[in-house]
Amino acid sequence: MDYKKAGVDIEAGYKSVELMKKHVKETMRAEVLGGLGGFSGAFSLNKIKEMEDPVLLSGTDGCGTKVKLAFLMDKHDTIGIDAVAMCVNDIACAGGEPLFFLDYIACGKNYPEKIAEIVKGVAEGCKQSGAALIGGETAEHPGLMPEDEYDLAGFAVGVVDRKDMITGSELKDGDVLIGMASSGVHSNGFSLVRNVFRMDEDTLNTYHEELGKTLGETLLAPTRIYVNALKSIREAGVTVKACSHITGGGFYENIPRMLIDGKRAVVEKDSYPVPPIFAMLAKEGDITEEMMYNTFNMGLGMIVAVDPADVDKTMEAIRQAGDAPYVVGKIIDGEKGVDLC
């Protein structure tokens with residue numbers, strides 16, 4: 001008996017590392033010390049010395065059951081973008097710059113080419129956010145997971161000068177809410193999605209005119225990364241007073257997280273286009289409107305609050321970063337919470 005016969009192929013692990021190296025290399029920043037393969041990732045903090053009061057930010061998350069679609073469609077090169085996005089968007093939401101990312105892949109069996117495809121997506125997410133992929137782990141779990149399945153998670157570390165943190169403390173009545181378009185369902189609510197649609201090849205490969213692509217392609221579209229949009233706003237000289245990453249829990253859970261006591265958000269549902277996938281989900285699953293807004297991002301992946309005088313500059317900065325902005329509501333005095341009208 002040896003380790004391979006027990007279900008863990010060390011040689012496959014070595015091959016996975018070799019195949020992923022080219023993707024990891026593309027994410028490197030000047031601050032990264034050493035190369036891939038060490039026991040830990042090293043990142044110089046020399047540039048942070050330039051800040052008055054540097055604060056480290058962290059975010060950790062996974063892709064949830066969205067990975068099930070990757071299995072069914074045998075497409076593994078974008079799910080890594082989702083893992084990165086879920087972490088770096090949270091860091092950007094606090095006003096921070098993502099510095100580096102580490103991934104963790106648990107699999108039933110290590111298929112080196114598949115692992116390399118997953119890491120390719122992770123690297124792409126890192127490139128989109130400016131984070132370096134400085135390490136990770138691929139763990140074979142024979143007997144615990146089916147051979148053709150895996151789970152993907154990770155964490156990111158970022159930094160912000162304390163004076164630039166987005167805290168909501170300066171919110172005022174009349175501040176304007178600007179939403180940034182999502183790329184679709186992103187990485188939340190897939191346990192519900194998988195109960196609405198049949199998860200089989202025919203269903204996922206069916207083309208829908210209203211979607212402009214197949215159902216599977218629509219659902220697997222990677223989570224939008226908003227790091228550059230928030231950076232563009234900051235460079236335009238605009239102070240973002242509050243920011244909400246619309247993830248699990250939708251509008252009702254996430255928007256109040258950006259508020260301080262005594263301030264309430266009002267969002268106008270018809271102020272922006274809701275992607276057709278959400279209407280399809282509601283219809284096919286007989287899901288109430290309240291539950292839709294309590295589960296999904298409904299077409300807005302990030303919402304910022306700014307002074308009314310800064311609306312035009314904010315909208316233009318978001319467009320310059322390649323995202324689509326919409327004025328979607330306002331801040332009012334009242335009990336902390338959100339109204340959808």
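What distance separates the centres of domain 1 and domain 2, taken over C-alpha atoms?

Tutor: Keep in mind that this is a predicted model. The centres of domain 1 and domain 2 are 25 Å apart, taken over C-alpha atoms. Domain 1 covers residues 1-162 of the protein chain, and domain 2 covers 173-338. Where they touch, domain 1 gives 24 residues to the contact and domain 2 gives 27.

Now the area. The size of an interface is often given as the accessible area lost when the parts come together. Here the two domains bury about 2,200 Å² between them. Carbon and sulfur atoms account for 69% of that. On the domain 1 side, look for Lys66, Leu69 and Asn89. These three supply 26% of the area that domain 1 buries against domain 2, more than any other three residues.

Next, the polar links. Side chains of opposite charge can pair when their charged atoms come close. Between domain 1 and domain 2, the count of salt bridges is zero. Polar contacts do cross the interface: eleven residue pairs make them, with both partners at pLDDT 80 or more.

Which elements build the domain 1 side? Helix 2 (67-73), helix 3 (79-93) and helix 4 (112-129) each give two or more residues to it. Helix 3 provides the largest share, nine residues. By type, the residues on this side divide into twelve nonpolar, seven polar and five charged.

Step back from the interface for a moment. The structure as a whole holds 21 salt bridges. One of them joins Glu18 to Lys21, with the closest N and O atoms 3.1 Å apart. Both residues sit in helix 1 (residues 10-25). They are three residues apart, about one turn of the helix.

Aromatic rings pair up as well: the count is five pairs. Take Phe43 and Phe100. Their ring centres are 5.1 Å apart and their planes stand at 45 degrees, so this pair is tilted. Phe43 belongs to strand 2 (residues 42-43) and Phe100 to strand 4 (residues 97-107), so the pair ties together parts that are 57 residues apart in sequence.

Key:
Residues are numbered from 1 along each chain as its sequence is written. This is a predicted model: local features need pLDDT of at least 70, side-chain atom pairs count only at pLDDT 80 or more; totals for chains, interfaces and linings use all residues. Side-chain values use heavy atoms; hydrogens and water are left out. Domain bounds come from an automatic or database domain assignment. Contact means heavy atoms within 4.5 Å. Buried area is the accessible area (1.4 Å probe) that two parts lose on being put together, summed over both. A salt bridge is a side-chain nitrogen of Lys or Arg within 4 Å of a carboxyl oxygen of Asp or Glu. A polar contact is a pair of N or O atoms within 3.5 Å; within protein, one must be able to donate a hydrogen and the other to accept it, and residues adjacent in sequence count only if both atoms are side-chain atoms. Helices (H or I, at least four residues) and strands (E, at least two) are DSSP runs, numbered from the N terminus. Ala, Val, Leu, Ile, Met, Phe, Trp, Tyr, Cys and Pro count as nonpolar, Asp, Glu, Lys and Arg as charged, and the others, Gly among them, as polar. Rings of Phe, Tyr and Trp (its six-membered ring) pair if their centres lie within 6.5 Å; planes under 30 degrees apart count as stacked, over 60 as edge-to-face and the rest as tilted.
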